[in-house]
Amino acid sequence: MAKKAVKRVAPKKIPTKPAAAKKSGAVAESHESPLAVKNRQDFEASAPLVEMRDISIAFGGIKAVDRASIELRPGEVVGVLGHNGAGKSTLIKILSGAYQRDAGSILINGKEVTINNPRDAKAYGIETIYQTLALADNVDAAANLYLGRELKTRFGTLDDAAMESETRKVMHRLNPNFRRFKEPVVKLSGGQRQSVAIARAIHFNARILIMDEPTAALGPQETAQVGDLIKQLKADGIGIFLISHDLHDVFHLADKIVVMKNGKVVGTARTTDVTNDEVLGMIIAGKCPKGAIPGPGAMRDAA
Amino acid sequence: MSSTGSSQEPGLNQEGAVTRFFRVTEINPRMLGMVAALILIWCIFDVWSGFINPNEGLFGGSFLTPRNLWTLLVQTSSIAVMSSGMVLLIVMRQLDLSVGSMLSLVAVASAVLQVYQLGPLLGVGHPLIWVAGVALCLALGTGIGAVNGALTAYAKIPAFIVTLGGLIAYKGIAFLLASGETVAPMDQTFEVFGGGVQQSWLGPFWSWTLALVVCAVIIGALINGRRQRTRFNFTLRPVWAEFLLGVVGSGVVLGITKVMNSYPWPPKLIENFAAANNVVIPAGIEDRDGSAICMAAEKFVRCTTGLIYYTGYSLPVLVALAVGLVMTFIATRTVFGRYVYATGGNPEAAELSGINTKWLTIKVFALMGTLVGISSVISSARLNAATNSLGLSNELYVIAATVIGGTSLAGGVGTIYGAMLGALIMQSIISGMSLLNLPAAYQDMVVGGVLVLAVWLDQIYSRRLK
């Protein structure tokens, strides 16, 4: 009964928002402990920060993302998992304004919004740390941090001194050893470049943070630092999308995971409801386990 | 790197005196290299020309004379103005091959307006004519540049193709506009921008005044910079370095001004001026050889020692210097400039940062067009005529000057002063070889070789830097 209700909603793709959320919360009761149910109900009572509904985008003839739906609540970390080419980065780039969707809708705090470019996304408090870091290599850390929202003097010129001073403060918090403020970022190490990209994302009061493979270029110690940072941001009530092709990177940090395969959502699950192996099965075979809510990409027999 | 003494010690031991000098003074070694190359070229030409035609130059030649240096700066100004815009374009990974043809087209349009329309209408010499002529040059240049930019940014045609088309097409339009004729002369009020008439010379008094103002600005900027650094607790330059920069900067300005103020008006002009203003030319003065009669032009100057006027800075040079200053300000102090450099460094990152790179592309091309407009005023006023071949090959000289000046074709790197220095180096080679009476074919060969050599040296330099 529970599953049927969800299944009916999911493939058809147009759930009336708050009602559907409540319903799925209610139906889940049957196989969860009372405490889990209470947690979940509290959790789902808060409005989603972001909801992406039935998003599709095609490049040429290839459907990179096909009717994918995903949501994020304040203080929640959602891991988006999948192989390379599963469509996770593309889906998230639609949210950050880098790509324009062909179909579907994006809601922020329950209101439908239009995101046509990165400027729109930033206006809604959506900040992104790209896998490529998206740094302008030829300018220094401060110029990158403030790229697109420079501080200006009262004459309207660049206030480099103020920007560098602010950058020193932010970077000191993130990476106390960072000293190379005058050099173009191309001369920095991988970890230092990463901290510049992270500083840029969190410095402007982000409400929604997208991290695309944030630890791909980092060593174990720096990876642990990023983990700590994520926990701290989560405590501040920021919603975080954590995108990775490596399950182990995100499993212990995420509250929820969304698995994608061939551009479709295989399933969504709370990390407490599924095991590592089950998630691996979702990523590799598209098999949706019992603890997860299947999406349009789930294998038929598994659902 | 840190300002505490203890952590600085090891760094001090590792770096050599030269490295430390450049780091502490924050002088770009590359720029110093270019200045050295320029001075070397000047000296070589002066010595060489001394063998052929001994003259009053520093080493007995005819290159390092006030007359030649003054002319050199005037000749450089048109290319220098355009190269400052080309820097921004190339930094942004674009290119404009059409600037030469655009210059011809704009100049011819302005000449047709002045000579065929406004001249008969308002009467030759009406002040409105130069205003309209200049305004048309600027507006038309900006418009054509914007079209180049729009085709590149929105129609997504590579800038190379768009402007290659422009290179061919604009020349054709220029031909049609004037029916293939040379339109001349420009209006006498417009001619002032060419630097060839006495109204376009600042004269010694105002040249010195300007030089002193510039020196004051240099010193003020150093003091202000130091205050800013203190305010934000950044590392300060040592006091000796500040003094060195102030003294050298002011010295260069005063030195150039001295040279500019040593170039006298042509004797004919002095004669005309004296006649028009009832100034008595001291008669019967003997020249060095004791000849009392003033016959040839050069000797006439000596005859009029009692009555001599010096030119000082000329208008085209002042325009080029002003453009250099404004463009440097735009490139380094404005959000627009920051976006241009960031886009050149990583176009995708710029786009993802919310920069509207398409609109930015149009603006940079339009700015290039405005500068072509300014150059077309200088070129056509200097020649006192406009033809469809006025800007012939200018695009190549402009790009060469920009690249010699250290702008990387890979994008993201380049300075305005570098490109202007590059233009000066190139013009020095061209006019130096003319002084040696070498045929134009040799000049082309050498300029081409220097371009390739400059890029090669630059690559060795930047590889060693890494």
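## Exercises on helix packing, a sheet and an interface

In this predicted model, B:Val99, B:Met102, B:Leu103, B:Val106, B:Ala107, B:Ser110 and B:Ala111 of H5(B) meet B:Met368, B:Gly369, B:Val372, B:Gly373, B:Ser375, B:Ser376, B:Ser379 and B:Ser380 of H15(B).

**Exercise 1.** Work out how H5(B) and H15(B) are oriented to each other.

*Solution.* Let's start with the geometry. Helix H5 (residues 99-122) and helix H15 (residues 357-383) of chain B have axes 8 Å apart and pack at an angle of about 60°. H5(B) and H15(B) are therefore oblique to each other. Next comes the handedness: the crossing of H5(B) past H15(B) is right-handed. Finally, sort the contact residues by class: 8 are nonpolar, 7 polar and none charged.

**Exercise 2.** Find which strands stand at the edges of the open sheet in chain A.

*Solution.* First, write down the strand order, which is E6-E7-E8-E3-E9-E10-E11 in chain A, with mixed pairing. Strand E6 (126-129) and strand E11 (293-294) each have a single partner strand, so one side of each lacks a neighbour in the sheet.

**Exercise 3.** Describe the side of chain B that touches chain A.

*Solution.* Begin with the count: 23 residues of chain B contact 22 residues of chain A. Helices H13 (335-345) and H14 (347-352) of chain B each supply at least two residues of that side. H13(B) gives the largest share, 6 residues. By class, this side of chain B holds 10 nonpolar, 9 polar and 4 charged residues.

Definitions and conventions. Residues numbered from 1 in each chain as written. Chains lettered and ligands numbered in written order. Predicted model: local features only at pLDDT ≥ 70, side-chain atom pairs only at ≥ 80, totals over all residues. Contact = placed C-beta atoms within 7 Å. Helix = DSSP H or I, 4+ residues; strand = E, 2+ residues; numbered from the N terminus. Nonpolar A, V, L, I, M, F, W, Y, C, P; charged D, E, K, R; others polar. Axes fitted to C-alpha atoms, helices over the stretch in contact; angles between N-to-C directions. Parallel < 35°, antiparallel > 145°, perpendicular 65-115°, else oblique. Left-handed = near helix turned anticlockwise from the far one by under 90°. Pairing = 2+ DSSP bridges.
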